Amino acid sequence: MLVLKLLLSLLTLLPTDARWQRIETDQHISFLFPNNVQKLQRKTNGIPSYIYQTKDLTCVFGVVCSDFSNQKISFSDPNHALAIYEQLKKGSVDMETAILKNEQTVPYENMLIKEIEYSIIKDKYEMTYFKRFIFRNNKVYQVTIGAKTRHFDILKEEREIFFNSFLFTCLLYTSDA
């Protein structure tokens, strides 16, 4: 156990972003992951979602891109986006052990970005997660990073790299009308 803690401590001294690789998606977004990506595709209630996930020694990472274009809602109406956000937030923290620790709006022009921090008990360990919900055009991007709460310092470092790595390949904001 001591050797594992020592190795984890030494990993934090390495240049962190040197091992990250850019993931390009067909969903008009790219981001950095610390290693190989696993890609999945799902369809729920007629809404296609594309899931990208990976993990490293400490953290788990996930990006879900859901396309609401075929739905009769428009995210240019903030009430629609907020209603979907409330449903997605509830789905994230709707378990017996979940504790919502923080909720905020991330300032950004032409997009609604909400962020939550929450913890859950999983396999007898407390886990902390940061999750961003990005509403752009008629797509929702759910961006998640989590780790055991005892590794909170590493989680915060990797969160900064991960969340700050997001780029949209279509830079122009278009109306949903």
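Asn45 is found in the loop between β3 (38–44) and β4; helices (H or I, at least four residues) and strands (E, at least two) are DSSP runs, numbered from the N terminus. Before going further, please note that this is a predicted model, in which local features need pLDDT of at least 70, side-chain atom pairs count only at pLDDT 80 or more, and totals for chains, interfaces and linings use all residues. Residues are numbered from 1 along each chain as its sequence is written, and side-chain values use heavy atoms, with hydrogens and water left out.

**Loops with positive phi**

Most residues other than glycine have a negative phi. Asn45, however, has a positive phi near 50°. Asn45 counts as exposed, at 71% relative accessibility (buried means under 20% relative accessible area, exposed over 50%, partly exposed in between, with a 1.4 Å probe and protein chains only). Asp123 is not a glycine either, yet its phi is positive at about 50°. You will find Asp123 in the loop between β7 and β8, exposed with a relative accessible area of 64%.

**Strands and sheets**

The strands β6 and β7 run antiparallel and are joined by six bridges; two strands pair if DSSP finds at least two bridges between them. Thr105 stands opposite Lys114 in β7. Together β6 and β7 make a hairpin with six residues between them, and Asn110 in the turn has a positive phi of about 70°.

Elsewhere, an open sheet of three strands has the order β1-β2-β10, paired antiparallel. Its edges are β1 (21–24) and β10 (167–168), each with a single partner strand, so one side of each has no neighbour in the sheet. Strand β2 (residues 29–33) pairs with β10 over two bridges in the antiparallel sense, and Ile29 stands opposite Phe168 in β10.

Searching the whole structure finds 15 aromatic pairs. Rings of Phe, Tyr and Trp (its six-membered ring) pair if their centres lie within 6.5 Å; planes under 30 degrees apart count as stacked, over 60 as edge-to-face and the rest as tilted.

| Pair | Centre distance | Plane angle | Type |
|---|---|---|---|
| Phe31 and Tyr52 | 5.9 Å | 70° | edge-to-face |
| Phe31 and Phe166 | 5.2 Å | 25° | stacked |

Phe31 lies in strand β2 and Tyr52 in strand β4 (residues 47–55), so their pair ties together parts 21 residues apart in sequence. Phe31 is buried, with a relative accessible area of 0%, and Tyr52 is buried at 7%. The pair of Phe31 with Phe166 links distant parts of the chain, 135 residues apart, with Phe166 in the loop between α3 (152–163) and β10. Phe166 also counts as buried, at 14% relative accessibility. Ring pairs link Trp20, Phe31, Phe33, Tyr52, Phe61, Phe162, Phe163 and Phe166 into a cluster.

**Helix α2**

Which residues of α2 are buried? They are Ala81, Ile84, Tyr85, Lys89 and Ser92. Seen down the axis of α2, these fall within an arc of 140°, so they line one face of the helix; the arc is that of the directions from the helix axis to the C-beta atoms. The face turned away from the buried side carries the exposed residues Asn79, Gln87, Lys90 and Gly91. What covers the buried residues of α2 includes β6 (99–105), β7 (112–122), β8 (125–136) and β9 (139–148), where contact means heavy atoms within 4.5 Å.
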